[in-house]
Structure formats: C-alpha cells, structure tokens
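Here is a friendly briefing to read alongside the model. Please keep the viewer open as you go through the points.

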Amino acid sequence: MKAPFDPREAFGATKVYRLLPFRSTRLDDSRHVITNDAGEHLVLDDQTLRALVDRSLAPGAPVLRDLEARHFLFHPPATTALDLLALKWRTRLERLAEFTSLHIFVLTLRCEHNCHYCQVSRQTEDRAAFDMSREDAERAVELVFESPARRLKIEFQGGEPLLAFELLRHVVLCAEARNATEGRDLGFVVATNLALLSDEMLAFFRAHRVHVSTSLDGPRDLHERQRPRRGGGSHALVESGVARVRAALGADAVSALMTTTPAALREVEAVIDEYVRLGFHSIFLRPVSPFGFAVKTGLARRYDADAWLAFYRRGLDHILAINRGGYPIREEMTAILLQKMRSTEASGYVDLQSPAGAVTAAVVYNYDGRVYASDEGRMLAEMGNHAFALGHVRDSYDELFGSEAVAEWLAASMTEGAPMCSDCAFLPWCGADPVYHVATQGDVVGHKAFSEFCRRQTGMLRHIVSLLEDDPAARDVLEGWA
Amino acid sequence: MVAPPPVVIGPDGIEIQVDLRVFRLIAVQKTAYRLADRCTAAFGVVEGDVLPVILRLAPSTTDDLARVLADAFLRELLDQELRERVGEETAPLRALILAHAFSRTGLIER
C-alpha cells in the first residue's frame, strides 16, 4: 500500500540545482552578461560562470541566491521557476497577437526644407504627383481598422505633412468617425518641421488630441546647416513652433528628434544643451539610416559604428551629468533598452523586435497608395529595391498582410534562429532589422560579424550594463528611466 | 585544467590544432563565424581527434596582431564551448517552458 505522503526529503530543496536556459556574452575581459528568455540578467566573472556550469560554486554562496531569484537555476522538485519563466516569456510576446498598431500615412512627398540627409522629400509644387489621393487615404483608414490591435496610432509623415493639411484633417475625421463604432484606443501624431504651423492647425490638433513630433538637430548653426530652407530661419521656426504647441496643447504635446551627422558627432554636448535650453526632457540620439539621399550623398558612410558609439557614450555622460545637476532629461534609446532589461512587459518600440516590427508593429501607406512593411522599407523602395513593398491600398487586408513573402521574411527575421543572435546574451533586449540588412548586405538576416547594426546595439547594451554595474551615480539616474 | 590548443603563426596564417574531445565541432564553427570580420577560417580534415584550423589573415597583418587574433579565437572558443554545454543541458527545459507558455493560447487548434 502506498504511503499517504511522499517522504520528507521529497519536499525540501536539493543541494544540487538544475540550470535553467540562459545565454552568455562577454561584457569585458573578465566578466560575462547572462540573460534568460524573460530578459532577466546578471553579470558574472569568468570563474563564477564556469563554476556555475561545473556545479562547483561554494554552498551558500550569495550569488546562488541571485541566480535562483532571477531564474538561472532551480532546485527540483520545485517547479515554480518554470511556471514563472513561462508566464514572463508569454507576456513579452503578447504584442504579436495585437499585430500592427502603428500606421504611418505619408500624405505628401512635398517639402519646403532641403535637408541634406532626407530620404524622400521633393521640392515641387506638383500636388497631383506627390500627394496621397483622398480615395487612397480613405481606403488606408479602412485597412487601419482591419488590424486586430486595441491601440491604434496614425502617424502623419512626409515630405512635410502640413503642406497637405486638408488631407490630414480628412484622415483624422474619417478615423474618428469609424472609431465611434470600433471603440479602439486611437491616437494621432504628426511629424512636422513646424515651419507652416498655423493657429487653425493648432486648434485642430487641440480638438483632436494630435501629438506633434518635430526635428531639432541642435544649436542654430548646426540645425540650419543640416536643415536649410528657402528664406532660412528653420531653427527660429522650430523654436517658436515648439513654444506655440506647448501653449496650445500642453507641455508634453511636442517631442523632438535629431539626426546624427558627422558634424553633430563633434558637438554632442551642444546638441543636448540646446534641447535643455528649449525645455525638452527627452532626446533621442540616433544614427543616420543607410537609405535614400544619405547614401547618394555618402553621408551614411561617413562614420562607422565605433564613431557613433563614442558619440553616444559622450552624450550619455553629459545627459547623466545634467540629471545629477537637477534637470531631468532622458536619452530615449537608453530608456527603451532599460525598459526591456527591467520589465517583462512587451516593448512597443518597432525597430527592436523579434520577429521584426515591420508589419507586426508598424506599416506605411505611401503617398502613391503603395503599402510598405516599414518606413525604412519605403525608403529602400525609393532606391529601387522593393523587397518590403506589400502591395497597394486597393488590395485586400489578407493580400497585404498575409502573403507568403511577408511570412517568409518575418520568419527569417526571428533572432532566436539567426546565427550569432541565437546565442547572444543581448537577444531579449535586441531585435531584427531586416530592412537595414537588406540595404547593407542584400540579405534579410545579414552576417552579424559585419553588421554595423549589431555592433551599435551590442555596444550600447555593453555600455549600459557596465554603467549599472560599475557607476552607482549613473545607476541612480538610469533606474528612473526604466 | 584543459591545456589550450597548440597554435602556430606561419606564412599561411594562424594554425590551430583543436582537440574535438575537448571542443565540439559546432563550437569551433561558431567561433570561426563570429570572427569572420577579422579573418577567414579554413578547416582541414580531422585526423584522430584533431581538427586543424587555419585562420587566413590579410597580408598586412603583423605578428603582434596575429597573436591578438589567436588569443581572441581561443577565448571565443572557450566561451562557445560553454554556451554549447549550457544549451545542450537546458534544451529540454527550454522546450518545456515554451510549450507551457503557449499551452493555453489555442495555437495548436489553428
């Protein structure tokens, strides 16, 4: 007859642990970062990592508690760790069921600026050739609502979308009318240089809660060198436009983006100081995309990942010092990575997803009615490569989003199966950029040993982990960004 | 303690004798892939348990740089071998956790 209870020892933790799945990558000459599939991490020195795997860690060593708490090992027969890891893993991937939430409308390619690094804009008055038609815009709104996502964001881009303000207004009103029955969490963003901002536009943005995103490349000299316009005054227009948006819509209703050119590389502190002077509490240090005019002009090749990383580290140092001085400002890319490191919540950042965020998180409706998997996919098409063209707004939702071609490159974009990525400790915090790798290597996956994207992302992550480990003052600030 | 594989820096590049009783072939292959931006690895025919690997270098590579690269290869090889050990040991658990994570999502019925 079986005893009513298992023996006492069956309920106690065994001294012999079992490893849970983890990946390891060198942080520096003597330390490794280890991560699990939920994105939890620890930093271990060489000796400790090997002792962990060899089961030769001293019994009672404090690191054992850390390893167990962050799900790198467990003591059978307890299986709570497996349940928790499964739950966290599922939570991180929940966004996939939502599918496309960001819908970018390129209302026009026309622009009155002539920025050196711009991928797509046209200096022309020809509305018929370079503006989206009302019919195509209305069809695109229908496609937006065919997405299963509860949260829908429509972002207006260009060219300069305020040159097509009547169309912008039409799209907002169409989407709101449709949403009266749909009941989604619907939001709007307009990416504008603010030069054409009128009081009528501001009133419309206020009434329909349209967030404003603008471009600010730094102090006046630098900004106007990079973003020239006929008649000049680009920087003054941004400065006054930002003030007007804040007065009309609220302090948080406007954000700004910069583009890192070789000139900006030398002036990162001045760029950041300008953001502070204009009252921004956020800055996004980002490199030039290897697309469009940036390639034609050679700009994309004028600095490599190492130069960009030096710029990033200097900039982040400066931002941390400003925070310690009492002015809160965060670097957005760092904040996104910290959020991925600290939270099991799915990240909404399109450019660092696996499978790729193109299509699964964002899609672009171009001025001519063509639909692209991402903004970069449309820029690649401007260079003659249509690998990421999905079709036309006249096509059905299933034809656009459910094609074999889309499924194929999405599957290929999964970092979990990509050489070098699959055993990289940074995998849970990183993502795939298939458009970048098609543009630079002609291949969706790309060879990561030659990838500037990989070098940049892993370089940033190494720097952030090192700061969290070695610099308590920096850690205090960074913890507040996660 | 495992002795590092013998290394010879010669005119054809860096020659490394990898003992496959110590290192898995997949670990050697992944190491070569990871260093592909710095050298090209050519694998010879296995004799006994030894796999000869030649790292071909650019003609301008100095002896000092070649030694740095040889050290990088050996260090990466150790790291890759450890990754493979962990991966092999935990693969069934990873599959179990993944199955558990998606067991109630209805994906199987689709």
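What follows covers confidence, the contact between the chains, salt bridges and a few single residues.

This is a predicted model, in which local features need pLDDT of at least 70 and side-chain atom pairs count only at pLDDT 80 or more, while totals for chains, interfaces and linings use all residues. Residues are numbered from 1 along each chain as its sequence is written, chains are lettered from A and ligands numbered from 1 in the order in which they are written, and side-chain values use heavy atoms, with hydrogens and water left out.

**Confidence**

- The predictor gives the complex an ipTM of 0.90 and a pTM of 0.92.
- Within chain B, confidence is lowest in strand β1 (residues 7–10), with a mean of 85, and highest in α1(B), at 97; helices (H or I, at least four residues) and strands (E, at least two) are DSSP runs, numbered from the N terminus.

**Where the chains meet**

- On the chain B side, 24 residues are in contact (heavy atoms within 4.5 Å) with 33 residues of chain A.
- Together the two chains bury about 2800 Å², 58% of it on carbon and sulfur atoms; buried area is the accessible area (1.4 Å probe) that two parts lose on being put together, summed over both.
- In chain B, the most area is lost to chain A by B:Tyr33, B:Arg94 and B:Ile97, together 22% of what that side buries.
- Nine salt bridges are counted between chain B and chain A, where a salt bridge is a side-chain nitrogen of Lys or Arg within 4 Å of a carboxyl oxygen of Asp or Glu.
- Helices α1 and α2 (63–101) of chain B each supply at least two residues of the side that touches chain A, and α2(B) gives the largest share, 17 residues.

**Salt bridges between the chains**

- B:Arg75 and A:Asp29 meet through their side chains in a salt bridge (3.1 Å, N to O).
- A:Arg26 and B:Asp79 form a salt bridge at 2.7 Å, N to O, and this pair crosses from strand β2 of chain A to helix α2 of chain B.
- A:Arg26 is buried (under 20% relative accessible area, with exposed over 50% and partly exposed in between; 1.4 Å probe, protein chains only), at 12%, and B:Asp79 counts as buried at 5%.
- A:Asp423 and B:Lys30 pair at 3.2 Å, N to O, linking the loop between α19 (404–412) and α20 (434–441) of chain A to helix α1 of chain B.
- A:Asp423 is buried at 9%, while B:Lys30 is partly exposed at 26%.
- Salt bridges that share partners join A:Asp423, B:Lys30, B:Arg34, B:Glu76, B:Arg83 and B:Glu84 into one network.

**Single residues to look up**

- B:Thr31 sits in helix α1 (residues 25–34) of chain B and is buried, with a relative accessible area of 0%.
- The side chain of B:Thr31 reaches the backbone oxygen of B:Ala27 at 2.7 Å.
- Beyond its neighbours within four places in sequence, B:Thr31 is in contact with B:Phe73, B:Glu76, B:Leu77 and B:Gln80.
- A:His71 lies in the loop between α2 (62–69) and β5 (73–74) of chain A and counts as buried at 7% relative accessibility.

How values were computed
A polar contact is a pair of N or O atoms within 3.5 Å; within protein, one must be able to donate a hydrogen and the other to accept it, and residues adjacent in sequence count only if both atoms are side-chain atoms. pLDDT is the predictor's confidence in each residue, from 0 to 100.
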